[in-house]
Amino acid sequence: MAPMLERFISPGKGNGLRTTTRIKRGELVYSAEPLACCVSNKLARDVCHHCFTRCETLLRCSQCKMARYCNITCQKQAWSSHKRECKCLQSLLPRIPTDSVRLAARLIFALLSPSKGSSEELYSLEEHESHLNSISEQKKHGLSQLASMLELYLQQEVPDLAQEALPPSCREPLSLLAKVTCNCFTISDGELQEIGVGLYPSLSLLNHDCRPNCVMMFVGTKLQLRAVRDINPEEELTISYIETLSLTEDRQRQLEDQYHFTCHCQHCDSQDKDGLMLSGKESTWRPLKEALPRLEGLKAESDWQALLQGCSHLLSTVGSDVPDQNLYKLRMTDMALDASIHLGHWEEAAEYGEKTLQVYSHYYPDPHPVHGVQLMRVGKLQHYLEHIEDALDTFKQAYQIIKHTHGDSHPMTTDLLMRMEECRTEMVQQSSSKHRDTNAKKKTATGLATVHLT
């Protein structure tokens with residue numbers, strides 16, 4: 001752990017992480033590789049299981065038929081961590097265990113591996129909370145089923161966890177899975193799309209705030225913790241555990257259900273955005289709220305045509321009677337944007353995207369990665385539609401955010417700078433073309449005048 005960070009007892013929260021020095025906005029606070037990680041099952045065919053890069057063509061492991069790699073190099077480098085998993089996967093074919101079971105197994109393999117023996121973590125696995133005493137019986141039953149699956153999955157490689165040289169809580173499948181599900185992080189790409197899950201023990205010390213002073217970004221599996229505002233010495237470092245674009249009541253319910261605490265951050269106690277999120281008459285926006293579960297189901301099924309039809313119909317029905325700042329209208333506009341992109345309706349997608357930008361700036365105080373990524377999405381659409389000046393302006397706004405949230409060396413930032421340069425080059429070419437056209441028209445006009453006079 002970097003010397004600029006230290007563990008401490010956070011009042012009312014328990015264990016926490018704070019800085020020992022002044023940190024500037026955009027500064028890299030800490031980076032770490034996971035103790036264990038795995039690609040999400042739903043993306044198993046699209047992402048390299050070693051470097052977590054999205055690829056159109058991947059090499060498949062000939063034995064387990066599940067693991068995939070972008071090239072031979074990645075496949076060879078992954079073998080030391082995959083070989084035990086490979087045998088376990090083969091033993092369950094054609095069944096595939098859940099992400100949490102695979103992650104728990106990979107954690108066990110990592111702990112049994114000599115290369116993972118030494119650790120400088122500030123927060124040991126043994127100290128991680130399982131919250132088994134506070135979860136509902138229904139949840140505990142679900143975890144028990146996963147624990148049984150984990151034991152079955154491990155039979156080929158670790159037939160008796162209790163006999164292994166593991167931390168005591170890791171020898172008990174139920175406790176282990178409870179810790180994994182509560183403390184793992186979602187690994188995402190630069191556009192904040194989920195790729196997999198991973199365990200980063202020291203960073204489990206970070207407490208939640210709905211308006212945090214840090215954000216987590218990933219380059220492959222490496223987690224980067226960056227400051228999104230200036231932080232003073234001995235100030236606690238915080239992140240958001242959840243997507244914060246929700247009403248206070250809904251955020252608190254989600255945090256209680258998933259992480260077993262009630263949030264009392266300033267944003268929750270003030271409920272400062274709830275009124276804006278519910279702007280407009282309830283009788284006009286309620287149909288949008290009631291339709292969202294059905295539309296979210298269509299999105300989950302990738303039924304983009306039906307999703308776009310449903311969203312566009314409802315949005316046109318309410319029109320300006322519901323303000324753009326209304327939470328349910330914003331969610332529906334976002335889904336219409338996603339559907340339009342998947343269907344290749346680029347002009348429609350750009351219109352929906354442009355409508356969200358001002359609203360995002362209200363709900364995501366800059367620099368916030370969600371706002372930056374949305375600006376970049378819209379900029380790409382504008383660029384594709386040859387709205388070059390608009391695209392450059394949107395890309396510039398995105399860069400002012402992403403340089404802080406992602407950092408200058410992140411692939412997303414590099415891509416953004418390249419797109420900005422392309423826009424500038426195209427604008428120069430357009431200007432030169434117009435200048436040539438103007439001169440050509442002048443010559444033609446002169447020629448016509450000469451012909452007329454003679």
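**Exercise 1.** State what share of the chain's residues is buried.

*Solution.* Buried means under 20% relative accessible area, exposed means over 50%, and partly exposed lies in between, with a 1.4 Å probe and protein chains only. By this criterion, 46% of the 454 residues in the chain are buried. The structure is a predicted model, in which local features need pLDDT of at least 70 and side-chain atom pairs count only at pLDDT 80 or more, while totals for chains, interfaces and linings use all residues. Residues are numbered from 1 along each chain as its sequence is written, and side-chain values use heavy atoms, with hydrogens and water left out.

**Exercise 2.** Determine how many helices and strands the chain has.

*Solution.* Helices (H or I, at least four residues) and strands (E, at least two) are DSSP runs, numbered from the N terminus. The chain has 14 helices and twelve strands. Its C-alpha trace spans about 105 × 55 × 50 Å along the principal axes.

**Exercise 3.** Describe the aromatic pair of Y241 and F261 and explain which parts it ties together.

*Solution.* Rings of Phe, Tyr and Trp (its six-membered ring) pair if their centres lie within 6.5 Å; planes under 30 degrees apart count as stacked, over 60 as edge-to-face and the rest as tilted. The count by this rule is seven aromatic pairs. In one of them, the centres of Y241 and F261 are 6.0 Å apart and the planes stand at 90°, an edge-to-face arrangement. Y241 lies in the loop between β12 (238-239) and α5 (248-259), and F261 in the loop between α5 and α6 (266-270), so the pair ties together parts 20 residues apart in sequence. Y241 is partly exposed at 24% relative accessibility, and F261 is partly exposed at 27%.
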